[in-house]
4 protein chains.
Amino acid sequence: MKLEVNANLIYNLLSPSTIILNIHALRTPQQRVLEETLVIEPYIKFEELTIDQSENRLIRIETFKEEEITITYKAIVDNCFKETDHTNEEEISIGQLDTAVFPYLYPSRYCQSDKLFRFANNKFGKIKNPYLQVLALTDWIHSNVEYLSGSTNSQTSAYDTVTELAGVCRDFAHLGIALCRALTIPARYFTGYAYKLYPQDFHACFEAYLGNEWVLFDATKLAPLNSLVKIATGRDAADTAIANLFGNIEFKEMNVSCTALEENFQPVFYDASQLKGLSYQ
Amino acid sequence: MKLEVNANLIYNLLSPSTIILNIHALRTPQQRVLEETLVIEPYIKFEELTIDQSENRLIRIETFKEEEITITYKAIVDNCFKETDHTNEEEISIGQLDTAVFPYLYPSRYCQSDKLFRFANNKFGKIKNPYLQVLALTDWIHSNVEYLSGSTNSQTSAYDTVTELAGVCRDFAHLGIALCRALTIPARYFTGYAYKLYPQDFHACFEAYLGNEWVLFDATKLAPLNSLVKIATGRDAADTAIANLFGNIEFKEMNVSCTALEENFQPVFYDASQLKGLSYQ
Amino acid sequence: MKLEVNANLIYNLLSPSTIILNIHALRTPQQRVLEETLVIEPYIKFEELTIDQSENRLIRIETFKEEEITITYKAIVDNCFKETDHTNEEEISIGQLDTAVFPYLYPSRYCQSDKLFRFANNKFGKIKNPYLQVLALTDWIHSNVEYLSGSTNSQTSAYDTVTELAGVCRDFAHLGIALCRALTIPARYFTGYAYKLYPQDFHACFEAYLGNEWVLFDATKLAPLNSLVKIATGRDAADTAIANLFGNIEFKEMNVSCTALEENFQPVFYDASQLKGLSYQ
Amino acid sequence: MKLEVNANLIYNLLSPSTIILNIHALRTPQQRVLEETLVIEPYIKFEELTIDQSENRLIRIETFKEEEITITYKAIVDNCFKETDHTNEEEISIGQLDTAVFPYLYPSRYCQSDKLFRFANNKFGKIKNPYLQVLALTDWIHSNVEYLSGSTNSQTSAYDTVTELAGVCRDFAHLGIALCRALTIPARYFTGYAYKLYPQDFHACFEAYLGNEWVLFDATKLAPLNSLVKIATGRDAADTAIANLFGNIEFKEMNVSCTALEENFQPVFYDASQLKGLSYQ
């Protein structure tokens, strides 16, 4: 499906500064970027970065003047995600696991899977099929954690959310990831644009590594799984910030949108009777 | 200098298990591995892993029987570290920073640099030369944190150590890293064998990215900087565990040693009057 | 029922010191102390303290020499606890609540009831009878938290235990108290000797304020509710330490025992079909 | 000095509710309440409470209707604080300490003195006179912690503030208390009205127990020490909330003022050369 995304960010630079932005749509076999533009006003040169083996598409903006700048990103993306089948998904064997996914198996800043080991295994340890485990923990989060704007901050972690039971998409994703890892299922953070998300904003959800695929899950259930435009993945929000600011910078305003360029959008949510997954890999 | 290292680990496997070991000496231009052997008794096949772009040399051991196993690693290493000069070290410019080091600039599980921002900048922010900043924070840790076996556990983070002021090499390293990152200096965790460390054990210290080199620092000052045999680097201890165990495994015993094969070892510690660094890169 | 309790503590005093001990059996209408002796060897004078309006019986020992001391407490107690009926227990009205119990309604050091508000109300909020609420949360703790010696330390709080799901009697009690307070039921920490507790040690459980009585609950279910000899109550373990040590003191050894002086002991545990409580008030 | 204080609070009651208010000026030998009125509009009966041995003057308001209520408190107070001399203040002897102050010696919810033991003793342990210790730690907080509205929340504790180094009066007080207790100096939280505080609001500071007096300290240095009208004391903010709300209540607005009814106000701040204290006991 073709989707158009827009992001508009305004910063007031009070000193020479560096901004690292991560708002570009990812280019993957399942997500073709048909058109895109990034405009900074007033004009400032920027540099595309890639960090190590990650595919995330970062932009580095270096500024030397005190001024207000407006950054506008626009892209048209063809999102032809892959459907995966997990009917006979087998337990993950660490002995066979692809080494590239190991970093997503260990605790990270916001996903302290080691502290959630008993909790995860008591609640979901008896389920045999790992896909069904992730489905069950996603449902548990959805039923037990209240989506409540302003209830958390940048320090909130999965360890808090599992008890305080309130949060936003970032917190839902961190808890999902931490529970997966506590069950020895690699999991990573996913940021994106989401059609049908109200109010419109950047969205966060997560991917679990099942059957050698990164399968998308969203414990908020606020957006259809096939409505997303993927921006980045990482171990948690510390790896995939929309913006990292270095210098004396005042954040002024942000506007985000994601609209469908085709009719007949059929929203996809998972259904325990089908055991299908969606992958944006 | 030529050093011989030995590690001997005994595990009692109570179920089919997977062990990921990270005890091999790293191979770098500054650290040549002249000889090495890894023996598992009784015999079990093992597999060498590398994870993504990291050079860390991991071993995966997959077991199917309940038995006690003994893992013995031995290596002879020629450690010809590089000396670096930081007399005119300039403040790090994020705008020019090598993208490969970005992951070492952000907070991680045990190094919550975002929460130490004011602390680090109040104490060390006025020092201009970044090498002197790291030297100063290393000295501060050494003077203020008591080395006390058993005072911390696997959950202890830099945020705890900065206040509780007691810990072991792991905690000293985490605090050093967190303070560097809070000063916008990339820093990473370093595990190794250390000659002249008593009692003999694996050692942990840290590297700061200065002048496009990873320069070694050790806030414990327990081992000369030129006595180390590097095993691995990562964002913090979560990335560089000596062993990750999957299965029902009982840890029985560990012995580690590091001895010099040459006479006339001249221990190196930093000296604020010289502004020299050591790099094992 | 008549019970004999013994406590034997050995300390090595390395400097002039003060020890505040709280090991004396409480004197209440439901617990008569028939005989008791406290002996310190070598002889040191001690002073009985009471702190404010609390009935806890503290001892202050002031020492001036470096020496090893042995403190031996022995008492015979007649424990004729009150049985309370909660069949028609009504929801607590803050508007009518006895002001003396207010301190037990607020969060304390180890019982962060404010952070457990959603958790407690989601799980137990629909139960109408407050006695049944406390019974349900006690059962939940018993079923979900593993009793595991050495799994926690003096910093562990209810906020940790609700997620980490392992602990000792102290942790079970803190979690019980925090959940009660989150449900607007006053609750307090209870330390005592316990007959039929193996291995013999000091025990901790908690009291909830129901129908104007302090009713005993024990989420560990390790000792019959009628086997206890009450020592002290407080907001949490910070108020009711067995010993507070001021000075350079080495703890050497502790032995505790509690034996019945009567035959035909009928252990009492609660039974959801009866809605009876036990009060040592 | 005569001071007039006013507090005006507006709540929107969305259900039958109970409000426990603690805004009345305390009556002590050093603080005479010459006149006072409390008006609730529309009229609701209220009850004066005292909790245990505390002198704090609480009000319980029980409501049965959904309505908006306005609570207005006004008092004229004659504040004739006592001046205390600490020139020859001796180290506190736990062996002689008044038992009534013991609760203020132990860690509490927001004042984890046990975790600050090394920090406090490293920094202030060598100072002999306890008054000078408290003066030094107050100055340290004032110099190192930035007063920054909105930087903290109701979960922030002394353990956070000592590292994050930003906060409001509540956080300054908690850190002061925790450091005192870590030095074995009893300390308690103090809430009040403050003349010369801009913007006008309730204020929090702390008292340390020195020479058998509760001596006032304020690490914010935002208000002269002799400009306060004391409301309450407790172990920390958990004991002395301005309002505890039970029910579905929306906080609408609050206005506080404190004005002098006499001319020639001479502001008092401590001066290390004089070793004088102020007590509102």
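Modeller: This is a predicted model. To begin with one residue, Thr233(A) touches Asn56(A), Arg188(A), Tyr189(A), Phe190(A), Glu207(A) and Thr240(A), leaving out residues up to four places away in sequence.

Biologist: Which strand is Thr233(A) found in?

Modeller: Thr233(A) belongs to strand S13 of chain A, which covers residues 228-234.

Biologist: And is Thr233(A) buried or exposed?

Modeller: Thr233(A) counts as buried because its relative accessible area is 12%, and the cut-off for buried is under 20%.

Biologist: Now chain C. Where does Cys169(C) lie?

Modeller: Cys169(C) is in helix H4 of chain C, residues 169-182. Its relative accessible area is 11%, so Cys169(C) is buried.

Biologist: What is Cys169(C) in contact with, leaving aside neighbours within four places in sequence?

Modeller: Cys169(C) is in contact with Tyr147(C), Phe202(C), His203(C), Ala204(C) and Thr220(C), with those neighbours left aside.

Biologist: How far is Cys169(C) from Gly247(C), C-alpha to C-alpha?

Modeller: Their C-alpha atoms are separated by 28 Å, and the two residues are 78 apart along the chain.

Biologist: Let's switch to the nonpolar core. How many residues are in the largest one?

Modeller: The largest nonpolar core has 100 residues, and Phe217(A) and Phe217(C) have the most contacts inside it. Phe217(A), for one, touches a list of residues that includes Tyr131(A), Val134(A), Leu135(A), Phe206(A), Leu225(A) and Tyr270(A), again not counting residues up to four places away in sequence.

Biologist: What about a second core?

Modeller: A separate core of 89 residues includes Leu179(B), Ala208(B), Ala219(B) and Ala158(D).

Biologist: On to chain D. Which residues of helix H1 are buried there?

Modeller: In helix H1 of chain D, residues 117-124, the buried ones are Phe119(D), Ala120(D) and Phe124(D). They sit on the same side of H1(D), because they cover an arc of only 95° around the axis.

Biologist: What covers the buried residues of H1(D)?

Modeller: The cover includes helix H3 (158-164) of chain B, along with helix H2 (130-144), helix H3 (158-164) and helix H4 (169-182) of chain D.

Biologist: Next, the interfaces. How many residues of chain A are in contact with chain B?

Modeller: 35 residues of chain A are in contact with 35 residues of chain B. About 3000 Å² is buried between the two chains, and carbon and sulfur atoms give 50% of that area.

Biologist: How many salt bridges between chain A and chain B?

Modeller: The rule finds four salt bridges across that interface. Asp239(A) and Arg235(B) meet in a salt bridge through their side chains, at 2.8 Å from N to O. There are also 16 residue pairs in polar contact between chain A and chain B. On the side of chain A that touches chain B, the elements giving two or more residues are strands S2 (17-21), S4 (46-49), S5 (58-63) and S14 (243-246).

Biologist: What does the contact between chain C and chain D take from each?

Modeller: It takes 35 residues from chain C and 35 residues from chain D. The two bury about 2900 Å² between them, with 51% of it on carbon and sulfur atoms.

Biologist: And how many salt bridges and polar contacts between chain C and chain D?

Modeller: The counts are four salt bridges and 16 residue pairs in polar contact. The side chains of Asp114(D) and Arg109(C) meet in a salt bridge at 3.1 Å, N to O.

Conventions: Residues are numbered from 1 along each chain as its sequence is written. Chains are lettered from A and ligands numbered from 1 in the order in which they are written. This is a predicted model: local features need pLDDT of at least 70, side-chain atom pairs count only at pLDDT 80 or more; totals for chains, interfaces and linings use all residues. Side-chain values use heavy atoms; hydrogens and water are left out. A nonpolar core is a set of buried Ala, Val, Leu, Ile, Met, Phe, Trp, Tyr and Cys residues joined through side-chain atoms within 4.5 Å. Buried means under 20% relative accessible area, exposed over 50%, partly exposed in between (1.4 Å probe, protein chains only). Contact means heavy atoms within 4.5 Å. Helices (H or I, at least four residues) and strands (E, at least two) are DSSP runs, numbered from the N terminus. The arc is that of the directions from the helix axis to the C-beta atoms. Buried area is the accessible area (1.4 Å probe) that two parts lose on being put together, summed over both. A polar contact is a pair of N or O atoms within 3.5 Å; within protein, one must be able to donate a hydrogen and the other to accept it, and residues adjacent in sequence count only if both atoms are side-chain atoms.
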